[in-house]
Amino acid sequence: MRPTTHRTALALAALTLLLAGCGTEAGSEGGGSDTVSPPPSSSPPPSSSPSAPPSPDCTSASQLDAGDSGSTVCLAVGDTLRISLDGTKSRPWKPVTAEGAGLEPTNSGIVLLPGDASSAYKAVSAGQVLLSSQRPLCATGTGGVSCKGIQEWRVTVVVT
């Protein structure tokens, strides 16, 4: 397993565990007593609404590029996200794919340069989506040195 894939798998597992813990409420037995204190390892209640807890690993963005690989982006329903991956004719990006629910493809405009990948998505419902693309590490020309390495681009999008 390549280090990039391993880190991505760990990040997705951590995000899944984080999201699984959201929405549960400690001490909700309805007694209303002040004698029950939270366990020492729990954090104080968030200042925002319980349905959208803050996440330090989640950034807000409307435009992504190749440098954003491995990040987690949070969007609100109605937001639009644009992706622009600059490639070359000899090292082209494959079209961006989306796995999951919460985003719907929208018009991304026109790609002018060979090798670039451009896409856009609108956040339509709460959910989580993995956006990904890839391109060769080495130029694909004939008659020269070649390799079978692949550069992967992956971003997790959380729609709230």
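The legends below walk through several close-up views of this predicted model.

Local features are described only where pLDDT is at least 70 and side-chain atom pairs only at pLDDT 80 or more, while totals for chains, interfaces and linings use all residues. Residues are numbered from 1 along each chain as its sequence is written, and side-chain values use heavy atoms, with hydrogens and water left out.

Figure 1. Helices (H or I, at least four residues) and strands (E, at least two) are DSSP runs, numbered from the N terminus. Read from that end, the elements run α-β-β-β-β-β-β-β-β-β. Of the 160 residues, 22% count as buried; here buried means under 20% relative accessible area, exposed over 50%, and partly exposed in between (1.4 Å probe, protein chains only). The protein exposes about 10500 Å², of which carbon and sulfur atoms supply 57%. These areas come from the Shrake-Rupley method with a 1.4 Å probe, and for residues only the protein chains shown count as cover. Among contacts (heavy atoms within 4.5 Å) with a separation of 6 or more, 66% link residues 24 or more positions apart.

**Figure 2. The open sheet of four strands, in the order S2-S4-S7-S6.** Its pairing is mixed, and two strands count as paired if DSSP finds at least two bridges between them. Strands S2 and S6 are the edges, each pairing on one side only. S4 and S7 run antiparallel over six bridges, and one place to look is Ser 84, whose bridge partner in S7 is Ser 118. On to the next pair: S6 and S7 are also joined in the antiparallel sense, by four bridges. Here Pro 105 has Tyr 121 of S7 as its bridge partner, and Leu 103 stands opposite Ala 123 of S7. Strand S7 is mostly covered, with five of its seven residues buried.

**Figure 3. The open sheet of five strands, in the order S1-S3-S9-S8-S5.** This sheet also has mixed pairing. Its edge strands are S1 (58-59) and S5 (97-100), each of which pairs on one side only. S1 and S3 run parallel and are joined by two bridges. For a landmark on S3, find Val 73, which stands opposite Thr 59.

**Figure 4. The largest nonpolar core, with 18 residues.** A nonpolar core is a set of buried Ala, Val, Leu, Ile, Met, Phe, Trp, Tyr and Cys residues joined through side-chain atoms within 4.5 Å. Ile 83, Leu 103, Leu 131, Trp 153 and Val 157 have the most contacts inside this core. Strands S3 (72-75), S4 (80-85), S7, S8 (127-136) and S9 (150-159) each supply at least two of its residues. S9 gives the largest share, four residues. In soluble globular proteins, nonpolar side chains tend to be buried together. Zooming in on Ile 83, its contacts include Leu 64, Val 96, Ala 117, Tyr 121, Leu 131 and Trp 153, not counting residues up to four places away in sequence. Gln 63, Ser 118 and Ser 119 also touch Ile 83.

**Figure 5. Ala 66, in the loop between strands S2 (63-64) and S3.** Ala 66 counts as partly exposed because its relative accessible area is 31%. Leaving out residues up to four places away in sequence, Ala 66 touches Ser 84, Leu 85, Trp 93 and Trp 153. Ala 66 and Ser 84 are 18 residues apart in sequence, and their C-alpha atoms are 7.6 Å apart in space.

**Figure 6. The salt bridge between Arg 154 and Glu 152.** The two side chains meet at 3.4 Å, N to O. A salt bridge is a side-chain nitrogen of Lys or Arg within 4 Å of a carboxyl oxygen of Asp or Glu, and by this rule the count comes to one. Glu 152 counts as buried, since its relative accessibility is 17%. Arg 154, at 27%, counts as partly exposed.

**Figure 7. A nonpolar surface patch made by Ile 110, Leu 112 and Leu 113.** The patch covers about 400 Å². Patches are made of residues with over 30% relative accessible area and no salt bridge; like charges are joined within 9 Å and nonpolar side chains (Val, Leu, Ile, Met, Phe, Trp, Tyr) within 5 Å. Ile 110 lies in the loop between strands S6 (103-106) and S7 (117-123). Ile 110 counts as exposed because its relative accessible area is 72%.
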